[in-house]
Amino acid sequence: MTDTISKARKIKDTILKLMMVLSAGLICSLLLGLIGYILYRGIPHISWMLVSTKPSLLRGTVGILPNILNTLYIIIITLVIVLPLGVGAAIYLNEYAKNKKLVRVIELATETLAGIPSIIYGLVGMLLFVQFFSLGTSLMAGSLTLAIMTLPTIIRTTQESLKTVPKAYREGSLGLGAGKWYMIRTVVIPCVIDGIVTGCILSVGRVVGESAALLFTAGMANELLSVPEAVQAGNAGSTLTVAMYVYAKERGQFDVAFAVAAILLVLTFLINMSAKIAAVRLKQKRG
Amino acid sequence: MEKIKKTARWMERAMNLLFLVCGLLTILFVVLITIFLLISGIPAIRDIGLGDFLFGKVWASTSAKPSYGILPFILASVYGTLGAILIGVPIGLLCAIFLAKMSPKKVSSAVRNVVDLLAGIPSVVYGLVGMIIIVPCVREIFHLPDGANLFSAILVLAVMILPSIISVSETAIGAVPKEYEEASLALGATKTETVFKVVVPAAKSGIVTAVVLGIGRAVGEAMAVMMVAGNVANMPKLFGSVRFLTTAVASEMSYSSGLQRQALFSIALVLFLFIMAINLILNVVIKKKV
């Protein structure tokens, strides 16, 4: 077979193949190098003191407990805000909407929201929540900003999941005399829980990785905040990513920065794994 | 119908309305973002003059005789994005073709995991690694006084746009009907020739979408670029310290005031218009495909 091919073609073939393998190899080694380097530089500096205290100027110690807590607070507040809105919007698009044009406009708006860079969200969040609604630089302002940012993710995953619910379920429920809202509450929503969970995981991933949108909305403070303080206006706090940025860029404390980066990497890995598992479960249901 | 209680019917209507409001919220947010950016961005442009603002070559916001020209930022963003695309697209595309058509299933799924993980890594982590590894390397290799420059930023951006380019173009390539391939193979083309001359052209619109998405990501990236590009408002040179549109906003926002602050909002407005243009292109491409 191969004899019939001219030499030039064979060489070209081999070169292209080689280049493909090389680029895939390059990407893999890039990731491995990245992970290896960050863990190598970061893990030696992760200590119990680092993750369980707040920074103290008096003792000259650095701790990232406030940043861990702030990250958690922002994740929770963001999800609490965005979940009802996103799931509601998806349900409207899939179950209620009759006007095709309106659906198209909403979908266009969702795509637009997904494409806006985070620095613009940060800026608008600052104008809107920090100044206009006078929440001050605070976790609340940051969470509200991120809620708008993650809205497209939740809408999309919920919508995809809604599409997998068989029409017969809806017709059966309606045929038995259930109202539409009753049908959605008892039949449709339980079927799309896994889609909603996937959306949550992806949103958590975005929130954990976000920094530009939080810089001017949630601020750079490193104080320990209690739960009631976290939901109050005016209490600023930096998440892990923002803290990492500040330690690396503004203070030159690269050991701390790498320790935080290592923690962030592990978090990213866990989030990716859970998203994969959720996606597999979604597929099983579909198949 | 009469048997349904009045409260139930009332409830139905309320829920209908509630869901409609949720649906309309996305539109509201887009409108709000646009309005806030326009309101806060336009005054400075009016003060400075559109021409001086867009095409002025000097940005000296804090000097005694301030000058607000953002051409350096625009060009830096454009060059940076172009450079990232030039490096990222060939590598990403080759990798996507490899994943979709050439490699064994197990290898594909492993590499796909790698790509997903790359996509999930926070941009500040890329920035940190760029700062610690790429910047010193660039300085040593090219014998520069400082390695924080446009070239380093391009390298970091190229890595950051890889995941979106790979996953979107892989999906597009995978969606090409198998008959195309079979026909080409039956005519005597090798597997590689088939993939490059038949499958890839057939998946063109998906690949264009991937590239445009990559452009969007590169234009909008702020933190990683801030950490490796040096952040000086020069006219861009490959080995000179530069400031992008995104980093121009981020770096001065915390201490700005007056016209300077307003000018920062105007920069954000320009960036927003860039992104909207990219979205528009994306929509046109997607619509064509349907």
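Visitor: In which helix of chain A is the place of Ser173(A)?
Guide: This is a predicted model. In it, Ser173(A) falls within residues 167–175 of chain A, and that run is helix 7.

Visitor: Is Ser173(A) buried or exposed?
Guide: The relative accessibility of Ser173(A) is 10%. The limit for a buried residue is under 20% relative accessible area. Ser173(A) therefore counts as buried.

Visitor: Which residues does Ser173(A) touch, not counting residues up to four places away in sequence?
Guide: Sequence neighbours up to four places away are set aside here. What remains for Ser173(A) is a set of contacts with Ala178(A), Met183(A) and Val187(A).

Visitor: How many helices and strands are there in chain A?
Guide: Read along the sequence, chain A follows α-α-α-α-α-α-α-α-α-α-α-α-α, a pattern of α elements. The count for chain A is 13 helices and zero strands.

Visitor: What radius of gyration does chain A have, and what would a compact globule of 287 residues have?
Guide: The C-alpha atoms of chain A fill a box of roughly 70 × 70 × 35 Å along the principal axes. A compact globule of 287 residues would have a radius of gyration near 19 Å, whereas the value for chain A is 24 Å.

Visitor: In what order do the elements of chain B run from the N terminus on?
Guide: Chain B has twelve helices and two strands. From the N terminus on, the order is α-α-β-β-α-α-α-α-α-α-α-α-α-α.

Visitor: Why is chain B described as more spread out than a compact globule?
Guide: The box filled by the C-alpha atoms of chain B is roughly 75 × 70 × 35 Å along the principal axes. For 290 residues the globule rule gives 19 Å. Chain B is more spread out than a compact globule because its radius of gyration is well over that value, at 24 Å.

Visitor: What percentage of the residues is buried in chain A, and what percentage in chain B?
Guide: Chain A has 287 residues, of which 51% count as buried. In chain B, with 290 residues, the buried part is 54%.

Visitor: What part of the contacts with a separation of 6 or more joins residues 24 or more positions apart in chain A and in chain B?
Guide: In chain A, residues 24 or more positions apart account for 75% of these contacts. For chain B the corresponding value is 70%.

Visitor: How far apart are the mean positions of the positive and negative charges in chain B?
Guide: Chain A has 26 positive and 13 negative side chains, and the centres of these sets lie 6 Å apart. Chain B has 24 positive and 14 negative charges, and the distance between their mean positions is 6 Å.

Visitor: Which residue of chain A meets Glu193(B) in a salt bridge?
Guide: Side chains of opposite charge can pair when their charged atoms come close. For Glu193(B), the N to O distance in the salt bridge is 2.7 Å. The pair crosses between chains, from helix 8 of chain B to helix 1 of chain A. The partner of Glu193(B) is Arg9(A).

Visitor: Is Arg9(A) buried, partly exposed or exposed?
Guide: Glu193(B) counts as buried, at 16% relative accessibility. Arg9(A) has a relative accessible area of 28%. Buried means under 20% and exposed over 50%, so Arg9(A) is partly exposed.

Visitor: How many residues apart in sequence are the parts that the pair of Lys101(B) and Glu181(B) ties together?
Guide: Lys101(B) and Glu181(B) form a salt bridge, with the closest N and O atoms 2.9 Å apart. Lys101(B) lies in helix 3 of chain B and Glu181(B) in helix 7, so the pair ties together parts whose separation in sequence is 80 residues.

Visitor: With which residue does Arg243(B) form a salt bridge?
Guide: Arg243(B) counts as buried at 10% relative accessibility. The closest N and O atoms of the pair are 2.8 Å apart, and the partner is Glu252(B).

Visitor: Which residues are joined into one network by salt bridges that share partners?
Guide: A search of the whole structure finds ten salt bridges over all chains. Those that share partners form one network, made up of Lys101(B), Glu181(B) and Lys191(B).

Note on methods
Residues numbered from 1 in each chain as written. Chains lettered and ligands numbered in written order. Heavy atoms only, no water. Helix = DSSP H or I, 4+ residues; strand = E, 2+ residues; numbered from the N terminus. Rg over C-alpha atoms; globule rule 2.2 N^0.38 Å. Buried < 20%, exposed > 50% of the residue type's maximum accessible area, 1.4 Å probe, protein only. Contact = heavy atoms within 4.5 Å. Lys, Arg positive; Asp, Glu negative; His and termini not counted. Charge placed at Lys NZ, Arg CZ, Asp CG, Glu CD. Salt bridge = Lys/Arg side-chain N within 4 Å of Asp/Glu carboxyl O.
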